[in-house]
Amino acid sequence: MTLLGLPAAEPSPAGRARRSVTLLSGFLGSGKTTLLRRELDRAGDHAPAVILNDFGETLVDDVLLSVDGDRPVVVSGGCACCTRRDDLAQALAGLLDAEQSGRAPRRDHVVIETSGLSDPGPIAFTIANDPVLKHHYALARICVTVDALTGLDSIENHEVAMRQLLAADDVVVTKADLVEPEHVEDLVRSLRRIVPTTTVSVTAAGELLRTEVPTGAPASTPPVPLTGGSADPAHTSAVSTLELATDEPLDWQAFAIWLSLLLHRHGPAVLRVKGVLDVHGAGPVALNGVQHVVHRPEHLTGAVPPGSRLVLIAHDLDAELLERSFHAFLAIR
């Protein structure tokens with residue numbers, strides 16, 4: 001049993017084992033990809049199939065989640081709970097087709113990493129009620145990541161973050177090493193009040209520090225209803241995605257100044273920053289941040305496509321103005 005669960009497959013009524021699905025959810029920047037990367041490393045040859053749902057069109061996390069050169073199936077350009085729900089069903093069907101045709105080995109587990117803006121309820125409904133998928137897949141658990149730095153603020157200020165939490169079978173507190181222990185304890189207590197019947201684990205850099213099992217107390221809030229309707233696409237209407245790419249190596253100093261000024265001026269509105277950057281003199285670097293917090297860049301050693309790809313997910317910001325300022329700073333020598 002790993003941190004994400006990945007339990008044994010559940011027999012179908014026809015006697016054939018269905019593939020267990022773990023839905024990995026959590027708000028923007030809460031550490032889903034870091035957690036999944038560690039789980040894939042631990043799983044080795046038994047790694048699950050992975051479907052990655054990204055709100056933007058420009059892909060970044062597919063590189064980070066590659067295993068031996070094999071990249072995850074990607075559903076991009078919107079949330080799998082609404083605008084990309086049919087695409088998610090097609091991706092799951094595509095995994096079946098690849099197995100049955102002999103183009104890929106059978107995997108008993110699938111992990112779906114959702115967009116940070118996705119509501120897990122409609123995704124769970126799709127898996128359980130699609131006339132084809134329900135005979136081959138069984139939802140095993142919904143695992144939700146909560147950032148120790150900004151998670152509680154996200155839950156209080158973004159309805160979808162609360163809906164993610166209420167849908168969780170397991171909650172994973174991430175980035176515990178970046179805050180004081182007292183803050184972690186306060187966060188765990190707050191989560192316990194909201195979802196008292198959910199297992200809460202505390203992690204740092206994808207490594208498990210401890211797990212608290214539920215007490216069995218009744219939930220203080222109703223569960224997310226498993227309805228058939230898709231989530232309303234309006235839940236992302238005020239959110240825009242700015243996708244920046246360049247084939248030229250980045251001047252790190254100019255880029256760092258630009259990003260620092262952006263976060264200083266618009267920190268809370270910049271919900272997510274992520275990218276794989278080709279830094280002049282340093283090579284490929286992974287960058288991750290949420291709101292005003294940017295984590296230490298990670299040097300990448302595996303095969304990475306040339307060029308830089310940066311994604312900003314923001315609330316009520318002028319994407320055209322940000323793009324102009326980005327290219328202006330890159331022109332500074």
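Predicted model: local features only at pLDDT ≥ 70, side-chain atom pairs only at ≥ 80, totals over all residues.
The largest share of the lining of the largest cavity comes from strand β5, which gives four residues. The largest cavity holds about 100 Å³ of space. In total 16 residues line the largest cavity, and those nearest its centre are F27, S30, T145, G151 and S154. If you want to find the largest cavity by elements, go to β5 (137-147), α5 (151-157) and α6 (159-166), which each give two or more residues to its lining. By class, the lining of the largest cavity has seven nonpolar residues, eight polar and one charged. How many cavities of 30 Å³ or more does the count come to? The count comes to one.

Which element gives the largest share of the lining of the second largest pocket? That is α1, with six residues. By class, this pocket's lining divides into 12 nonpolar, 15 polar and 12 charged residues.

β10 and β14 run antiparallel and are joined by six bridges. Within β14, V311 is the residue that stands opposite K274. Is strand β14 buried or exposed, for the most part? Of the eight residues of β14, residues 308-315, seven are buried, so the strand is largely enclosed by the rest of the structure.

Helix α3, residues 85-100, is the place of A93. Its relative accessibility is 33%, so A93 counts as partly exposed. A93 and Y137 are 44 residues apart along the chain, and their C-alpha atoms are separated by 9.9 Å.

Stepping back to the whole protein, there are nine helices and 14 strands. The protein has 333 residues, and 52% of them count as buried. Of the contacts with a separation of 6 or more, 72% are between residues 24 or more positions apart.

Last, confidence. The average pLDDT of the protein is 80, and 80% of the residues score at least 70. Where is confidence highest, and where is it lowest? Strand β6, residues 170-174, is highest at a mean of 95, while α2 is lowest at a mean of 50. Residues 7-15 have pLDDT under 50 throughout, and the model gives them 20 contacts beyond four places in sequence. Residues 216-228 are also below 50, and this stretch has 26 contacts in the model beyond near neighbours in sequence.

Technical notes: Residues numbered from 1 in each chain as written. Heavy atoms only, no water. Nonpolar A, V, L, I, M, F, W, Y, C, P; charged D, E, K, R; others polar. Buried < 20%, exposed > 50% of the residue type's maximum accessible area, 1.4 Å probe, protein only. Pairing = 2+ DSSP bridges. pLDDT = per-residue confidence, 0-100. Contact = heavy atoms within 4.5 Å. 1 Å grid on protein atoms, 1.4 Å probe; cavity = no way out; pocket = protein on both sides within 12 Å on 5 of 7 lines; lining within 4 Å. Points joined across faces, edges and corners; volume = space filled by probe spheres on them.
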